[in-house]
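Have a look at the model first, then read the points in order.

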Amino acid sequence: MRLRQLAITRYGKFTDRVLDFGPKKTGQADFHIIYGPNEAGKSTALSAYMDLIFGIDSRSSYNFLHDYKSMLIGGTVETAEDTLTFKRTKGTKDTLRDDNGNLIDPARLNTLLHGLDRDAYGTMFSLDGARLESGGEDILANKGELGRLLFSAASGMADIGSTLDTLKGKADAFFAPKKRKHELTDLIGQLKALDAKRKEMDTQAGEFERLRETLAAAKEHRDSVQAERTQLTREKDRLESLKSAFPLAQELTELTANEQSLSSYPPLDDPSLLDEIPKLRDAITEARTMEQAATQEIERIDANLAEQPTDSEALSLADKTADLEDLRSRYQSGRNDLERVRQEKDEADAAIQINVVALGADDNAPLEMLIQPVDKIALLSELIKEHAILTAKLDTASQEKADADDALTKAKNETTKTDTATVNTETLEPLLRRIRNDDSVGVLTRAEEALLRAKLNTERALSSLKPWTGTAEVLLSGTAPYPDQATAWRDKIRNLNEDRTILAKRKAQDIEERARLVAKITSITGSEGIISDAQATETRKARDTAWQKHRSALNDETADIFKAALDTDDRAQAARLDQSDRLANLRELEQNRAALDAGITAAEAEELRLDVLLQETRSQISKVLIAAGLPETFDPLGLPKWLSDREAAKSIATHEATARHDRDTAKRQIDTHLSSLRVALREATISLENDWSLERLLDTGDALVEKEKTTALTRASYEETLADARTNAGKRGASAQKAKENLSDWQARWSDTLTGTWIENRTPAEVNALLDPLRNLPAQIKSRDDIARRIVGMERDINDFEKAFNDLNADTPEDHIDDAGIRFTKLTERINTAKINMEKTATLKAARDNQETAKTQAEAKRTATLERVSEIAKRYPEDLKIQDVDSLASALHKSAERADLHVKVTSLKTALIGLLDCITLDEANAMLSETNEAITKSSLVEIESSHQQAEEKWKDAIIAHRDAENAIQSVGGDAAVARIDEERATLLLDISDKAQSSLRLRLGILAAERALYLYRDRHRSSMMSRTTNAFRNITGGTYDKLETQQNGNTERLIAIRKDTGASVGVEGMSTATRHQLFFALRLAGYEDFCERSDSLPLIADDILESFDEDRATESFKQLQALAHKGQAIYLTHHRHLCTIAEKVCGDEVSIHEL
Amino acid sequence: MSEGHAITFRFLHTADLHLDSPLKSLALKDAELAGLIGNASRKVFESIVGICLDEQLDALLIAGDLFDGNLRSVKTAAYLSKQLKRLDEAGVAVYMIRGNHDAEASAITKQLDLPSSVHVFTGTGGTVKLEDKGVAIHGVSFANKTMPNSLLPKFKEPVAGMTNIGLMHTSIGGSERHDVYAPVSVSDLVAYGFDYWALGHIHKRQVHHENPFVVMPGIPQGRDMGESGPKSVTLGTIDEAGIRIEERLTSIAEFVDATVDVTAMQNMEDVSDLIAQTIRDQADTTQSEHTVLRLTLSGETPLAWNILRDRDTRLAEARIEADTLGTVWIESLRAQPSPPSTTTTEDDPVIELQTLMESTVIHDEAFRKDAEAVLAALVSKLPSELRNDFGKDEAERERILDALIKGGHTDVTAALHGMTERSDG
């Protein structure tokens, strides 16, 4: 089947795109290249083709433009017998229809596809780079095993080796006989672990029964022991009660008697009375103590008062001395400071004197006259400052006026240096710019360079045409034969030569063969007894001649001669008969020789004919050669190349002419520019030399324009400066005048101010020196007067105090002391002592009053306490004579004791009745009277011992019973064991399942390996030679043979190197070589398929992308050869591959652009 | 049957509990599922007791095979005692016979503490008359593991004026595999004069006859794929109107074998979708809480080889889908698709190779010998319980080997065939 047409009607991005592969041309390769750049849709086209023949995938991704419902692919496929045109829609059934919409039975298409499904077709009939690569890798993985390689080649499966290895790995993971560790051992380990766990957990039936028996016995034992223990406990309790009852009864009797003895004391109804006794006793004691203490204190205070002194005179002076305190302090500071202040006054007088001298005034002049008012001093100071400023201003203004005048003069001078314009820049400048922009000079330079190159090229081209000679013009106008004619001649001569060579070779072989034959014939005929046909003919002829002679003569002589001849002939014939085989051989050899002779003759004739033909052709050519300017001897075989070189030379010569034209145009342009420039420059009266270049003229023009522009700028600047200088000079003159006027105004004010003072007519500098002394003088005078006043004040304070003190007239023992201050201090101390003594006496009197009060209170308290005692004592009969606290306390205690006894008696009665479990005391007493304490005690000792034993037995029985129960309980009804059983069952299922999977795989691989051997034997003969051919060609002859090497059941492919004859296993090949081997295998597989059945289109998807040009060329040759047997479609996005294919295959390849 | 009594007698009829006999499913490799449905026999027995208690039934009838024969754990006995005690405390009487699996009183059965309300019929048979209910219960136990003869002659005559119930463990009519298990014909049972035959032994529920009733209740919880579908017990009510029965679902997990028809499918994603859909549909239709599902992919499809090859992937996908539901668990996934017959051509080298394997290699004596060695090598390493899985005798072993080889070369062919993915992207 071949693809005639693929119509991608609505599919992917295509709408109504048709790829037409045309009809199959007999004797031509059915080779197609589909070219399209990236994104052109090659993949889509390939997918469309596959979907056309196998159906559109239910989830096809080519629905982005045309949805699933509208997707449509059409096509025509054909075989030698059948053509099928159909359309394919998407769906699960009824997707094939003819042009009229009638359903087509899919079986019809299926038959054309040999029943191959999509996967099989995909792997067998399509090739891409990735598959080539993995195929090469798999060859290595398969170690060149022939069965696998042939299978890979035929099926297109690039990785059978790794697939089988992967499967084997899966099988081995579960179990491999030679491995110690695998999943199976793990799983069996788990199984064993479960069994162990189960054994540990489970309790067996026998053990369980024993446990149950133990429990029952333990329970029985426990129950009996418990009953015994209960009985003993009860008896023991009874005896214990009895034992406790005896001392109780005894105590009861004693207490009852005691209670009776206290009958005259009423039971204490108020217990707080007992608590009151200590308080009463304390109160009486406290009162007595307080009375004694107060009496003693009063006596002590009286003694102290008697010793206390008094100074009434001092106390009478107290108020007066207080009034003198202020005077006394001023007296004291006057006495301390007077001397120092008097010295200060002397210093102040001296300072004033110094100032007066500084003012330069007369020593005797009154100070008041020297003093100037403050405002006048300030005014003078201001005037002095103003004078300095005005003087400075006048100096500056005079200087500036002089400078301005100088500048004006200078500007006037500058302005006189003026230049006038010489050229009109407004016309010259645009002209210059236009010519510069034109770049005619650059154009000319380049044109000249181009012309130079063209000339050189032309020379080279012309020289390459040797032996032809001549100029470019001759070449361009000359004649030459047509290339087709030249090719025809060349081929004819080449063919004739080849024929001639072959003929000569054959003739030489014939001659050689003939020599060999002649040698053989000679050897046969030379050997003894051999008579050649020629000899036989000769003897026969001799015999016949002798017979003729004898017949006509009939005499003895002739008869003898005839007889001799007859004998000779007979011998010869007999010998020939004997040697008939050898003769037959000889005859055959001779026939062969004759044939060779004829052949040689014919060859010679043919040689002659060919020579003549060659000669004719050559002379025919030589005419043309001469016409073309070539010598007659020129080898016509080189003519096509010479012609193509000539065409190239013509083209180069044409380039030269073009370059020349460009140069001339540029020259003319420059001349035009030169003349316009000269005119323009001459207008500017510039002297020009005639040989100046355009560039120089342009530079001159530029300089002119530039100079003119600079001059204009300078002129404008000078004029501006002159105007400014004039204005400035005027301004400065006015300023100088104003300054002079201000100074004379100041002089008037100065004189006014000084007039009438003692410093009249003095200069500002002189006055300035007097200003500070003038300012200081009034302060100095005031300071000295203040000091004088302070001295007077101090002298007064001293007198005032001394007088006042003397007026006191105090009787002081210190009259001998001169300083009144000290005496006053002594007096003050005496008064203070008197005051302290007076206060102390007052304090003592108050304390005595307090003690008197305390004594009275204590007496009252004692009386009240004794009254309370009498009141309580009224509870008791008078004959008990209770009058004081102690007797009262004793009575109250007895009452309390009687109350306690009553309570105890009552509770003892109750206890006894309870203990003996009776209702009345009498009943109890009756019980006690039945026995006695000693008997009871001895009985109890006995029973306690028995009870102790029973108690221990009981505890043991309880523990035994509980243990037995626990043992049963621990067996339990839990599901632990059942769970393990379940886990175990699951584990076994898992092992079984995995064992089956592993076995299946292992057996499957075993079967597959054997099947591959069978496959190998079946296909070896048809495929090995094909693969060898393809491999030889693709490797460019590096390897020229493929062989196999047997090793047991396996047979490995090896390649033989052409250069060394060494055999190379697949492991020894380079990666690239293995890819080539896989490619060769695939091609052989395809060829094999074509040979066996009707072919199917082979789709190669850019497999040569990475091939170099030689390999690509060889590969295209192989594909082309294949395309003679089936259809080959190559998809590529490389333009250069199309070019190579076209070069290799000529018109046997069709290129379809997407 | 007695006439006119106004008293109601209600009973639950079950058999073949096979207490503590493990479930057999690869799905239990999933620990979560093992947690959910592990010890199913106990859970189911508890729910049976629960029904008796909740509905305050009068009696529980167990028609044999309460235990599995190989049961040796006292824990099971302890557990059973506890459950029977619950019934006893609630006043539900238990009537039981022994079947082939628990025929011989094992050491364990002796340890059973049976409450007084539990009545176990002996091998010689007997009758319990419930005078107040007007019901007579007859039963005959299996005395041995096999009872080739009918047990019917050992039953007493029906008690006149009472409703007669007979407990019998039998393979009925002698089915192919169960013929040594007290076979008896349904017609003989019908003719015997009892009102209700409470049978046991066959794990598939079947009501053989009504009026009188001949009821095989089936196992209350399937244990493997062979016991598929929902499982139940039978609740009987006897009153003045006669006998009525109803079925009560007990199985917590159902074994289901679902076929996924992949005929004419062209795209593997469609196959995956269909598998997922089948799983979801099953989740909706299963009555029990859990479904243990076996999927079988079959039909003629161009994807046949890919399906065979990628079985593991499909299984993983199915498990993921089932996981999202939480109630369906995948036991296994079997791939049995076939390629379109029109495309099995020897022009395809893979088919040629397969044909070579199928028609030549596997008949080759040397290959056969190697294959046997491969089988023997693995089987010798397996736990002894599994050896029989690979053939009890020569003939069976041959058959199994054939099946493994066929499966094996199909696997390899599938791996080769689907090896190169379609490159028409």
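1. Ground rules first. This is a predicted model, where local features need pLDDT of at least 70 and side-chain atom pairs count only at pLDDT 80 or more, while totals for chains, interfaces and linings use all residues. Residues are numbered from 1 along each chain as its sequence is written, and chains are lettered from A and ligands numbered from 1 in the order in which they are written.

2. Where do the chains touch? The contact takes 77 residues from chain A and 74 residues from chain B (two residues are in contact if their C-beta atoms, placed from the backbone, lie within 7 Å). On the chain A side, helix H27 (residues 976-1034) gives the most, with 30 residues. That side of chain A divides into 36 nonpolar, 23 polar and 18 charged residues (Ala, Val, Leu, Ile, Met, Phe, Trp, Tyr, Cys and Pro count as nonpolar, Asp, Glu, Lys and Arg as charged, and the others, Gly among them, as polar).

3. Now the cores. The largest nonpolar core has 226 residues, and A:Ala1007, B:Leu60, B:Leu61, B:Val94 and B:Trp197 have the most contacts inside it. H27(A) turns up again, giving the most to this core with 16 residues. A second, separate core of 10 residues includes A:Trp468, A:Ala486, A:Leu625 and A:Leu639. (A nonpolar core is a set of buried Ala, Val, Leu, Ile, Met, Phe, Trp, Tyr and Cys residues joined through C-beta atoms within 7 Å; buried takes 20 or more other C-beta atoms within 10 Å of a residue's own, with C-beta atoms placed from the backbone.)

4. A quick look at chain B. It has 12 helices and 15 strands (DSSP runs numbered from the N terminus, with helices being H or I of at least four residues and strands E of at least two). Of its 425 residues, 48% are buried.

5. Finally, some strands in chain A. S4 (residues 72-78) and S5 (residues 83-89) of chain A run antiparallel, joined by 7 bridges (strands pair if DSSP finds at least two bridges between them). Between S4(A) and S5(A), which form a hairpin, there are 4 residues. A:Val77 has A:Leu84 in S5(A) as its bridge partner. S5(A) also runs antiparallel to S6 (residues 96-97) of chain A, with 2 bridges, and A:Lys87 is partnered by A:Arg97 in S6(A).

Notes
Buried ≥ 20, exposed ≤ 12 C-beta atoms within 10 Å, placed from the backbone.
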